[in-house]
Amino acid sequence: SSDLNDIKKSNPNGLEHRGHVIAITLLCAIDAIASYAYKGGVGSRYKKFIKNHFPDDYKPYAKEIYNLYRNSLVHSWNLFEAGMLPNSENIKCNNGIISFGLLNFFRAIEFAIDDFLTKLKDDKILQGTTIKRYKKLKSTAK
């Protein structure tokens, strides 16, 4: 969050020309928290996290966010099949092209993390998965 705020301060016109770097960080953050929340492979956990915790307007696009954004940016450094805007534009699909503003996406991730942490307080399944993931990572610490 502080890195994003620093970038916004240094570039008051938006995140134009910095979007890929910020987007990769945000997309990987979803990977990380989804690994605590759900079992399964990266793709299934990732999509499940979006469907269960993101704001409603993002939920129908879980598959596309994983495939067209996360995979394309992280593995190929491109967004040939999707659009990313530098400000707070809402997620939308126009002529088959999904796009959203990076700042809107950041707020959606904040919402999702808050939702996950709220549900974690009472959901025994989420608690079990989270503890198991934590113990697994802790066991690798040196």
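How do α3 and α5 lie relative to each other, and why are they described that way?

## Helix α3 against α5

Let's start with that pair. Helix α3 (residues 42–53) packs on α5 at an angle of about 85°, with the two axes 9 Å apart. The helices are therefore roughly perpendicular to each other, a label for angles of 65 to 115 degrees (under 35 is roughly parallel, over 145 roughly antiparallel, and the rest oblique). Axes here are lines fitted to C-alpha atoms, for helices over the stretch in contact, and angles run from 0 to 180 degrees between N-to-C directions.

Phe49, Asn52 and His53 of α3 meet Phe111, Ala112, Asp115, Phe116 and Lys119 of α5, where contact means heavy atoms within 4.5 Å. That set splits into 4 nonpolar, 2 polar and 2 charged residues; Ala, Val, Leu, Ile, Met, Phe, Trp, Tyr, Cys and Pro count as nonpolar, Asp, Glu, Lys and Arg as charged, and the others, Gly among them, as polar.

## What sort of model this is

This is a predicted model, with local features needing pLDDT of at least 70 and side-chain atom pairs counting only at pLDDT 80 or more, while totals for chains, interfaces and linings use all residues. Residues are numbered from 1 along each chain as its sequence is written, and side-chain values use heavy atoms, leaving out hydrogens and water.

## Helix α5 against α6

Helix α5 (residues 102–120) also meets α6 (residues 124–139): their axes come within 8 Å and cross at roughly 105°. That makes α5 roughly perpendicular to α6. On the α5 side the contact uses Phe116, Lys119 and Leu120, and on the α6 side Leu126, Gln127 and Thr130.

## The sheet

The open sheet has 3 strands in the order β1-β3-β2, with mixed pairing; strands pair if DSSP finds at least two bridges between them. β1 (83–85) and β2 (92–94) are at the edges with a single partner strand each, so one side of each has no neighbour in the sheet. From one strand to the next, the twist averages 30°.

β2 and β3 (residues 97–101) run antiparallel, joined by 3 bridges. Two helices lie across β1 and β3: α4 (residues 62–76) runs at about 85° to β3, and α5 at about 80° to β3.

## The core

The largest nonpolar core has 37 residues, and Leu27 and Phe49 are among those touching the most other members. Such a core is a set of buried Ala, Val, Leu, Ile, Met, Phe, Trp, Tyr and Cys residues joined through side-chain atoms within 4.5 Å, buried being under 20% relative accessible area (1.4 Å probe, protein chains only). Its largest share, 9 residues, comes from α2.

Key:
Helices (H or I, at least four residues) and strands (E, at least two) are DSSP runs, numbered from the N terminus. Buried means under 20% relative accessible area, exposed over 50%, partly exposed in between (1.4 Å probe, protein chains only).
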